[in-house]
Amino acid sequence: MAAARRPLLTATAAGTLLAALWFVPSAKATDESAGAPGAQSPQVTAVDTATGPRLADTGAGGDTTPYLIGGTAFLGIGAAFVTYSVRRADALSA
């Protein structure tokens, strides 16, 4: 009977987590000291006289190798956990 409740508990935990994350404020760069609420503040762009306007660094051209290695490692660990769980469940049911 306890095994039948496990998917329900997992779904409840996932739903609770998603509901909690719904209320996390988004990271918007707004000027808190600007006049009226909802009024847009003027945009400021730094200008370098040699190359023109400088935009925010979006990470383009950066070294992404550590992120690829880390992501692949976490994906492999997750797949290993799933495989282990499936084999363990099969061993218990046999």
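**A short tour of a predicted model**

Let's start at L18, which sits in helix 1 (residues 2-22). Helices here are DSSP runs of H or I with at least four residues, strands are E runs of at least two, and both are numbered from the N terminus.

A word on the source. Residues count from 1 along each chain as its sequence is written, and side-chain values use heavy atoms, with hydrogens and water left out. This is a predicted model: local features need pLDDT of at least 70, side-chain atom pairs count only at pLDDT 80 or more, and totals for chains, interfaces and linings use all residues.

Now the layout. The protein has two helices and two strands. From the N terminus, the order is α-β-β-α.

Is L18 buried or exposed? L18 is exposed, at 59% relative accessibility. Buried means under 20% relative accessible area, exposed over 50%, and partly exposed lies in between (1.4 Å probe, protein chains only). Of the 94 residues, 1% count as buried.

On to helix 2. How far apart are its end C-alpha atoms? Helix 2 is hardly covered: its count of buried residues is zero.

Last stop, S93. S93 belongs to helix 2. S93 is exposed, with a relative accessible area of 60%. Its side chain reaches the backbone oxygen of D90 at 3.1 Å.

Notes
A polar contact is a pair of N or O atoms within 3.5 Å; within protein, one must be able to donate a hydrogen and the other to accept it, and residues adjacent in sequence count only if both atoms are side-chain atoms.
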